[in-house]
Amino acid sequence: MLNRLDDELPVLAVCTIALLIAATTHWPYFFYILLRVLLCTACIFIASKQYAKRRTLWTWTFAAIAVLFNPIIQLRMSRSDWMVINLDIAAFFFVD
């Protein structure tokens, strides 16, 4: 288990902290755009690592999160909906 997380642990930690900050505080819109860029990039990185290790379920899971947070074609939801999603994904990153 630890070998799998060697490269990904710092990335997941930074993403978890950013998601918790986004879910519990109110920031300017620019912060949330940066959050999208960070999460999309991090999830693509982790998905590619998982693909190289032939872990299909993890590859698709992180790819789906990357699509959810992609900064180009954004999903529009209310702030309360994003708060729930941010907390859920932060918990997922923490447990993973």
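In the predicted model, threonine 16 touches Ala90, Phe93 and Phe94, not counting residues up to four places away in sequence. Threonine 16 belongs to helix 2 and is buried, with a relative accessible area of 9%. Ala90, Phe93 and Phe94 are among the residues that helix 5 contributes to its contact with helix 2.

Helix 2 covers residues 9-24 and helix 5 covers residues 79-95; their axes come within 8 Å and cross at roughly 155°. Because this angle is over 145°, helix 2 is roughly antiparallel to helix 5. The crossing of the two helices is left-handed. On the side of helix 2 the contact is made by Leu12, Cys15, Thr16, Leu19, Leu20, Ala22 and Ala23, and on the side of helix 5 by Arg79, Met83, Asn86, Leu87, Ile89, Ala90, Phe93 and Phe94. By class, this contact has 12 nonpolar, two polar and one charged residues.

Asparagine 86 is located in helix 5. It is buried, with a relative accessible area of 3%. When neighbours within four places in sequence are left aside, asparagine 86 is in contact with Leu19, Ala22, Ala23 and Phe69. Of these, Leu19, Ala22 and Ala23 are listed for helix 2 in its contact with helix 5.

Helix 2 also packs against helix 3 (residues 29-52), at an angle of about 150° and with the axes 10 Å apart. Helix 2 and helix 3 are therefore roughly antiparallel to each other. Their crossing is left-handed. Helix 2 takes part through Val11, Leu12, Val14, Cys15, Ala18, Leu19, Ile21 and Ala22, and helix 3 through Phe31, Tyr32, Leu35, Leu38, Leu39, Ala42, Phe45 and Ile46. The residues of this contact divide into 16 nonpolar, no polar and no charged.

The buried residues of helix 2 are Leu12, Cys15, Thr16, Ala18, Leu19, Ala22 and Ala23. An α-helix has 3.6 residues a turn, so residues three or four places apart point the same way. With 16 residues at 1.5 Å a residue, helix 2 should span 22 Å, which agrees with the 23 Å between its end C-alpha atoms.

Methods. Residues numbered from 1 in each chain as written. Predicted model: local features only at pLDDT ≥ 70, side-chain atom pairs only at ≥ 80, totals over all residues. Heavy atoms only, no water. Axes fitted to C-alpha atoms, helices over the stretch in contact; angles between N-to-C directions. Helix = DSSP H or I, 4+ residues; strand = E, 2+ residues; numbered from the N terminus. Parallel < 35°, antiparallel > 145°, perpendicular 65-115°, else oblique. Left-handed = near helix turned anticlockwise from the far one by under 90°. Contact = heavy atoms within 4.5 Å. Nonpolar A, V, L, I, M, F, W, Y, C, P; charged D, E, K, R; others polar. Expected span 1.5 Å × (residues − 1). Buried < 20%, exposed > 50% of the residue type's maximum accessible area, 1.4 Å probe, protein only.
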